[in-house]
Amino acid sequence: MQDGQKRFARIAIPFPLEEPLIYAVPPALQEGLKAGMRVLVPLGKRKVTGVVVDFVAQTSLKRVKEILALLDEKPVLDATLLKLSHWMAQYYLSPVGEVIAAMLPPSLRVESQRVAALRSDEVQVAGSLEKRIVEELKEKKGQVSVKGLARRFGGGLYRALNRLAAMGVVEVRESVRGGRRLGRQLTAESAPAPAEGTLGQQSRWLLTSEQDQALDAIRGRLRRGGFEVFLLCGVTGSGKTEVYLRAMEEAGRTQKRSLILVPEIALTPQLTDRLRERFGDRVGVLHSGLTPSERWVQWWRILRGDVAVVVGARSAIFAPVPELGLIVVDEEHDPSYKQDEGVRYQARDLAVMRGKLGGCPVLLGSATPAVESFENCRQDRYRLVELTQRVEQRLLPRVDVVDLRLDRDRDRDRDRDRDRDREARGRSGFHPKSLSVFSPVLKEALRENYARGQQSLIFLNRRGFASFLQCRLCGLVPRCPHCSVSLTFHLKRQSAICHHCGYLERVSGPCPGCGSEGLSPMGMGTEQVEEELRRLLPDARVARMDWDTTRKRGSQERLIRQWERGEIDVLVGTQMITKGHDVSGVTLVGVILADLSLNLPDFRAAERTFQLLSQVAGRAGRGKEPGRVVIQTYAPDHYIFPYVLSHDYKGFFASEGEFRCALNYPPFSRLVQLRLEGSEPGEVREKAKILAAGLRRCQREPNQQEVEILGPAPAPIEKLRGRYRWQILLKGREVSSLLELAGQARGLFLQSRSSRLYIDVDPYHML
């Protein structure tokens, strides 16, 4: 379309609108306005940010408002990202405005709000509500948002404001907030300096023959150009990261840039160090741990083309990388790539689609690929490249499985500690002693490893001190009033806490149910493991890495740096310690209870457990010394353990594939989850039943007969954060039929203020 034909622009607004809105392009913007640029537009009484999607020469609308201002000198979303947003809106059944909002960092969004400002406090005010409003404005230094006043004072506010405005006491005006400065562009001086001590220090080593073969395959595609997906399946410690780095260097030789995703923020510092060794200060970083101003700086550095490589977590898939030549997804199997709120996208799948739309290769890497990804290799959709040996011919760690069912010594220790616990409570109130969490095998291994001066890693995917508290007399278990879960006991905080909504109860005194001596801790968590480690190895330097110890900004990176420098002898933690960390001093890994994830009501439970155990086992023996892994379980006969012991991913894939195929679960089918949430349990239940019945009527259509409808049923966690949840699962082989039926669900569902319908295409978390 010629510039002269840019009479109207279709603009995506960050609100749940099904289609972009149409605005007139003023003459002054005809030449400079391009698709992908941000603009300021009127929406009702507000001014909001929108992104130009495309242009139309005419419209049937009678009244069309004009664009107010252009916010950028160049598009913030290029043609590929605009195409990706359109695909996401269709595939994930989300409004395009919400998709655009997910793509842009909050600091790039601008919105206006109505503000009430105090003009005079000398006029006598008669009404009680008017007096309260004036007092509120005085307390807030003369200015409060109208939305904030409405939340505080409720009905009658707007009439009261009108009366105060007529008296000259209050002025209601519009204020633009967010987005820093309209149209502000970054200067080169704003870019952060590279990390100290990393410019020009290039640590390189000879590739193994397998690394060389893998790189040759990827290099060939980079030189030819075009889209292709590679799955780099390499055992832990086989040097996948070095293959990534060499592939990025190859992309740079063709004047292309690279994007690499990692599943956790914790992995970013270590990888960033290695990237800066190769690319100096031309490394961009994007993740949610950055402050808004840091994210702003990084976004504009990337958009200007000042970086050669971008590294980040899930949302970095939307980084505005110009001339993108390679996308890498490290630990591609990881569930952290799935977004569970807003637009429920899968960043790994978006990486594949972005590569396809932009015509560049995509490299997925993992020691334990997702079953869906490996099946794509079998179907020749992806190209499999393998690394079967560790670098420098290091051995994979020896894995021992300890059967906790036969551990009588541990039971005697537990009974003895329980008696001590009762005595301690009788003397000094509620202060439980920890129960024994280590088998004799793991205890001895920890002592020996510490005596040799080597590091140990202890994994338990449950934080807190105890899973729950229970009265031994009446059986009462404190539960969260907002969620269908028991409260987890935290010893240091002397509190029982809900890990879903944050609800907290102080624990003291007698049982609230029967008044007996008190509540006893049941089960275990990382806090309890840490305490017992300090008793077992009193002179060792013990640290804990979980959400409780890493909430403060920078604390996670500090722990990792200490771990890498050998300043911690034993590190205990949750899932965040299992991923990607390469610490040569770690020779022992202990898994306290492997059954936790096995027992979840989810068809992926075995896959996730195999991946977790394989990944955490892979932290051992990455240096010169051999590694050992001790896995404690009450289910040693489960079919995953022979494959964990032998580090046999392909064997596990074959066994798991038989199970999935028999039950018609992914990758042999596709799923869409419909989740209804509301504040009234009866309303949610009835609406779920009505929706399921309506979908079954739609299913009689010829193109819908292959879709299986499961439910409705309460979600495994029926109540979460005060909202009741029911769900319906759609299962079928043809994604088009699934999406069509899921789309019909929106029309069948009766929206209300108290209940909502959420659609999750390719759901990953079923709880």
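I started with Glu294, which is partly exposed because its relative accessible area is 30%. This is a predicted model, so I kept to computed values. I found that Glu294 forms a salt bridge with Arg553, with the closest N and O atoms 2.9 Å apart. Glu294 sits in helix H9 (residues 292-304), while Arg553 is in the loop between strand E23 (542-545) and helix H15 (555-564), so the pair ties together parts that are 259 residues apart in sequence. Arg553 is exposed, because its relative accessible area is 52%.

I then asked how many salt bridges the structure holds. The count is 49. Side chains of opposite charge can pair when their charged atoms come close.

Next I looked up Lys492 and Glu530. Their side chains meet in a salt bridge of 3.9 Å, N to O. Lys492 lies in the loop between strand E19 (488-490) and strand E20 (495-497), and Glu530 lies in helix H14 (residues 526-536), so this pair ties together parts that are 38 residues apart in sequence. Glu530 counts as buried, at 6% relative accessibility.

I checked a pair inside one helix too. Arg447 forms a salt bridge with Glu444, the closest N and O atoms being 3.9 Å apart. Both lie in helix H13 (residues 440-451), three residues apart, about one turn of the helix. Arg447 is partly exposed at 38%, and Glu444 is partly exposed at 39%.

I also noted a network of salt bridges that links Asp216, Arg219, Arg223, Glu250 and Arg253.

Then I turned to the surface. A patch of positive charge gathers Arg493, Arg506, Arg551, Lys552 and Arg558. I followed Arg506 to strand E21 (residues 504-506). Arg506 counts as exposed, at 61% relative accessibility. Tyr639, Phe659 and Leu663 make a nonpolar surface patch of about 240 Å².

Lys687 lies in helix H19 (residues 681-698). Lys687 is buried because its relative accessible area is 15%, and buried means under 20%. Beyond its neighbours within four places in sequence, Lys687 is in contact with residues including Phe749 and Ser755.

Gly97 is in helix H2 (residues 96-103). Gly97 counts as buried, at 2% relative accessibility. Leaving aside neighbours within four places in sequence, Gly97 touches Ala12, Ile13, Pro14, Phe15 and Leu17.

How values were computed: Residues are numbered from 1 along each chain as its sequence is written. This is a predicted model: local features need pLDDT of at least 70, side-chain atom pairs count only at pLDDT 80 or more; totals for chains, interfaces and linings use all residues. Side-chain values use heavy atoms; hydrogens and water are left out. Patches are made of residues with over 30% relative accessible area and no salt bridge: like charges are joined within 9 Å, nonpolar side chains (Val, Leu, Ile, Met, Phe, Trp, Tyr) within 5 Å. Accessible areas come from the Shrake-Rupley method with a 1.4 Å probe; for residues, only the protein chains shown count as cover. A salt bridge is a side-chain nitrogen of Lys or Arg within 4 Å of a carboxyl oxygen of Asp or Glu. Lys and Arg count as positive and Asp and Glu as negative; His and the chain ends are not counted. The place of a charge is taken as NZ of Lys, CZ of Arg, CG of Asp or CD of Glu. Helices (H or I, at least four residues) and strands (E, at least two) are DSSP runs, numbered from the N terminus. Buried means under 20% relative accessible area, exposed over 50%, partly exposed in between (1.4 Å probe, protein chains only). Contact means heavy atoms within 4.5 Å.
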